[in-house]
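Let's walk through this one together, from the inside out. Keep the sequence and the 3D view side by side as you read.

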Amino acid sequence: MAFSMFLRTPACAGRLLSQQVMKLGTQASLKPVQTQRTLVAVNTLKNTLLKSETTPILNAVRSFRTSAVKMAAAKSDDHSKLWVIERITSAILIPLVPLALLVPNKLFDSLLAIIVVAHSFWGLEAIAVDYVRASLFGPLIPKLAIGLVYLISIATLGGLFYIITHDIGIANSIRQFWSVKSGQKA
């Protein structure tokens, strides 16, 4: 991530870096005069990079999350595509939940597991990005929060797939839970 932030600095985007890298890469053998020129070129590059604007801490956190972010250089339709996918996922859940409960099988259980985990991942990620900001908690805590969201989502999906493949499945587990619950009331 630090390397990607380095490449986003204005000095790396210009011709200066590519000219210096090409100059260093095309030299077959370095003579003492060339060594001096190389050191001057490297020091010039170093000074240019150090004087350039630093990337804000917020950009470091934004580069770690999967949701599209509206930044000055980003296309305006990047987040709108993700928003549409999130809404389609939410709309698919409406008929899928009753269908999976009425016709329990591995296909519907797998679809339900993937869509529920994706839906909850985007929700938890939005919470972590919106409320655990670098301006409030520093640069480390927001990254840990996003990492925790990934860990929770991966563990949830893995657990649901384990129930689907090695146990009775999600829908049948819900049915058993309901039968136990209704049996206690009677």
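Which residues of helix 9 are buried? They are Pro 142, Ala 145, Ile 146, Val 149, Ser 153, Leu 160 and Ile 164, where buried means under 20% relative accessible area, exposed means over 50% and partly exposed is in between (1.4 Å probe, protein chains only). An α-helix has 3.6 residues a turn, so residues three or four places apart point the same way.

A word on the ground rules. This is a predicted model, in which local features need pLDDT of at least 70 and side-chain atom pairs count only at pLDDT 80 or more, while totals for chains, interfaces and linings use all residues. Residues are numbered from 1 along each chain as its sequence is written, and side-chain values use heavy atoms, with hydrogens and water left out.

Now the overall layout. The protein chain has ten helices and zero strands; both are DSSP runs numbered from the N terminus, with helices being H or I of at least four residues and strands E of at least two. Of its 186 residues, 25% count as buried.

Next, the inside. The largest nonpolar core has eleven residues, including Leu 93, Ala 100, Phe 108, Leu 160 and Ile 164. Such a core is a set of buried Ala, Val, Leu, Ile, Met, Phe, Trp, Tyr and Cys residues joined through side-chain atoms within 4.5 Å. Helix 6 (78–102), helix 7 (106–131) and helix 9 (140–166) each supply at least two of its residues, and helix 7 gives the most, with five. Zoom in on Ala 100: leaving aside neighbours within four places in sequence, Ala 100 is in contact (heavy atoms within 4.5 Å) with Phe 108, Leu 112 and Ala 171.

Back to helix 9 and its length.

Leu 148 sits in helix 9 and counts as partly exposed because its relative accessibility is 47%. Leu 148 also belongs to a nonpolar surface patch with Leu 124, Ile 127, Tyr 131, Leu 151 and Ile 152, and together they have about 600 Å² of accessible area. Helix 7 and helix 9 are the elements that give two or more residues to this patch. Accessible areas come from the Shrake-Rupley method with a 1.4 Å probe; for residues, only the protein chains shown count as cover.

Key:
Patch = residues over 30% accessible without salt bridge, like charges linked within 9 Å, V, L, I, M, F, W, Y side chains within 5 Å. Salt bridge = Lys/Arg side-chain N within 4 Å of Asp/Glu carboxyl O.
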